[in-house]
Amino acid sequence: MTAKTPCKDPRNRRRRLKSTVAAIAIAAQLVWQVGPAFAFCGFYVAQADAKLFNRSSKVVLARDGNKTAITMASDYEGEPREFAVVIPVPTFIERKQIGVVEMKTIDHIDAYTAPRLVEYFDPDPCMTMEPRVAMSAARPALMTAPTRPVDRGAIHGVTIEASYDVGEYDVQILSAQQSDGLAAWLTENGYRIPPGAGAVLASYIKQDMHFFVAKVNLGRMQLMGHAYLRPLQVRYESAKFMLPLRLGTVNANGPQDLLIYALGRNGRVEATNYRTVKMQTGMDVPLYVKDDFGKIYKAAFDQAVEDADMRAVFTEYAWDMGWCDPCAGAPMTNKELVELGARWIGSDDNSPYYGYRGGADVYVTRLHVRYDAAHFPEDLALMETHDRDSFQVRYVLRHPWRGPATCFNAAAYRDQLQARFKEEAKNLSYLTGGSVADIQKRMAETGEPIRTR
Amino acid sequence: MTTLAITTATLPNRIAALLRGDARHFQIVALASLLVFNLGWIDFGAKPLNSLLAILSALATQWLCTRIWRVPALDLRSPLITGLSLSLLLRADAPWVLAAAAAIAIASKFVLRIDGKHIWNPAGFAIVVLLLALPGHVWISPGQWGTSAWLVTLLAFAAFMVLNAARRGDVALFFLACQGALLVARALRLGDPLTIPLHQLQSGALLIFAFFMISDPRTTPDSRIGRFMFALAVALLAYWLAFSWQMRPALYMALIALSPLTVLLDRLFPAGRFAWRAPEHQGVA
């Protein structure tokens, strides 16, 4: 018995809608629970004494050969005027290589790839009928502001290679010759850089990296009527396929979470310098998990991180973009995929992306990593494999038959239920590290009592 | 009672004698243990069907080539090692690719020979040939082994046993020393903390390469000085490919590209030819 709810079947539209809402709710909950904010690929360089935290973030990576688009969504919660970020990039960046992406597009890919719950309803044990199945689940906005003349100057060996207006951001591309020049330049220009950042910047300078510094232009932000900061996207061509984690660990207040949504043409993306592990999936879990899935999945992720001694990157979804089963969200549209950097798909209209099942030109991988400087000393290096197997994090809820059942089979069914409830409790305990007794107690309160004898 | 006592007392000795007799026995035990770990407990990425096909194909190709080249003795230990190595190292999107890899690996031993010695490590050669010929179907996953202390210890122990028995362990140590020196020098140049080169050196993939690939006594120079020069050259080329060209399978590419150097080094610094066992068993192994 499997849950078949293909995306493109219109009969499933209502179900999918419900799922979408649930998935978004779950994703929001997860982010809320991991903490207030983060900044992975770079670090915040506040210009005032605002409280800045680096706790969690989302990155979309689209890769076609050496062409990479990286979209960074931080959950920065401070004052926009205090926002500034420094990100190392492997090449010089021209104006046309930078854009702003709508947050809802990233929310969509997050919901689409989120861990999910599938529900099954037991049939009347006294009748023979098919089981009922239900499911619940967990444009490049390029502004046309005129580009300022390139401002070149060299202070501390730092060259402002270019300055651009990008949506609500003022962006500068910097290069530096002296290893300590950039830190000094940033400090002199009113940026408050975290202690320890200078050494990491120096390392990147020696690796010939360029730097992308973005801060918010409040005037343009008000003019455009945006209440929040939109994710920035940078596109470049480089053999380097990596995420610079190190700067983000400099001002981190404890471990941070990073979600990576990788779009590619070949197959699953994995780390090359850390182990990539698939999250536990496919288990039957107690029904109450549905009411608290965000919190329970977080506990499961915490447990997985602990089991791996915090030295692994976790795969949460890896699937051909052409189909999904069951779908945790509506299919992404061509426009959204192009917005996220998958410019190779040949169309940017509003219709759902379609590729023939198993052979679509877009394959998505969702990676989740919790990192700090002690366990992830090196930047995260990635590679695209040719593995196109389908993987998703999916837990199963089985609703017992609640109607009257008095036939001979009913007693046997009730015995089976007991075994099933015990198994569900054991599974959840294994997943989250919670005690079986506590789980069984909660199950009893939510209609899945386990008899002691 | 007496019979039982005699049996239990002699069994460990017999196993020890078996293992001491040929370094390949240690290698088979080590690689098979890793494969069993992979299939039973910790997923390193090897798949059961792919592994089975690689091993069967390696054994079958060895048998066939032994018949074609009329080698007097059929020795299945080396092809078993090649099949196990490919199962653990090579990833492909279809199982038949593993069978093809094993066939290429074993056939290369019989076809590509100079001075009665094969030039390339069979598994390494097949990996590089397929990475170049079928880039859309095969890959290697250098991150799969992680950096767990238990794995590093296990590999080091297994390697010690294999290399000790093969009496050619120096090449792995030379290579690790060169690689370590290069990575530490890079960290010092960049001002990076030493945790970075330490993390890079703890990589299971690097240790497997050092202990089971570059240290293959049949495809390394016969003299100690030759082995040192060879290990240094492979480490330098791999470093350049990895950091300047961002090449992922840099270690394998470097090893296979430089293996022909062995022929030159053997002529420059002649020394006794390696044999797995006593001379009467020399065949193509």
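View 1. Strands here are DSSP runs of E, at least two residues, and helices are runs of H or I, at least four, both numbered from the N terminus. Asp389(A) counts as exposed because 11 other C-beta atoms lie within 10 Å. (Exposed is 12 or fewer such atoms, buried is 20 or more, and partly exposed is in between, with C-beta atoms placed from the backbone.) For a sense of scale, Asp309(A) is 80 residues away from Asp389(A) in sequence and 27 Å away in space, C-alpha to C-alpha.

**View 2. An open antiparallel sheet in chain A, ordered β13-β19-β15.** The sheet has 3 strands; two strands pair if DSSP finds at least two bridges between them. β13 (242-243) and β15 of chain A are the edge strands with a single partner each, so one side of each has no neighbour in the sheet. β15(A) and β19(A) pair over 3 bridges, antiparallel. One pair to look for is Val269(A) with its bridge partner in β19(A), Glu384(A).

**View 3. The side of chain A that touches chain B.** Here 24 residues of chain A are in contact with 22 of chain B, contact being C-beta atoms, placed from the backbone, within 7 Å. On chain A, the elements giving two or more residues are α4 (197-206), β15 (269-271) and β16 (275-278). α4(A) gives the most, with 4 residues. The predictor gives the complex an ipTM of 0.85 and a pTM of 0.84.

**View 4. Helix α12 (250-258) of chain B, mostly covered.** Across chain B, buried residues make up 46% of the 285.

**View 5. Helix α8 (170-190) of chain B, end to end.** Its 21 residues reach 30 Å from first C-alpha to last, close to the 30 Å expected at 1.5 Å a residue (1.5 Å times one less than the number of residues). Buried residues of α8(B) include Phe174(B), Phe175(B) and Leu176(B). Just after α8(B), Gly191(B) takes a positive phi of about 75°.

**View 6. Stretches with pLDDT under 50 in chain A.** pLDDT is the predictor's confidence in each residue, from 0 to 100. Chain A has a mean pLDDT of 78, with 79% of its residues at 70 or more. Its residues 1-54 stay under 50, though the model has 151 contacts beyond four places in sequence for them. Residues 129-153 of chain A are also below 50. Where pLDDT is low, the predicted coordinates should not be read in detail.

Terms used
Residues numbered from 1 in each chain as written. Chains lettered and ligands numbered in written order. Predicted model: local features only at pLDDT ≥ 70, side-chain atom pairs only at ≥ 80, totals over all residues. Contact = placed C-beta atoms within 7 Å.
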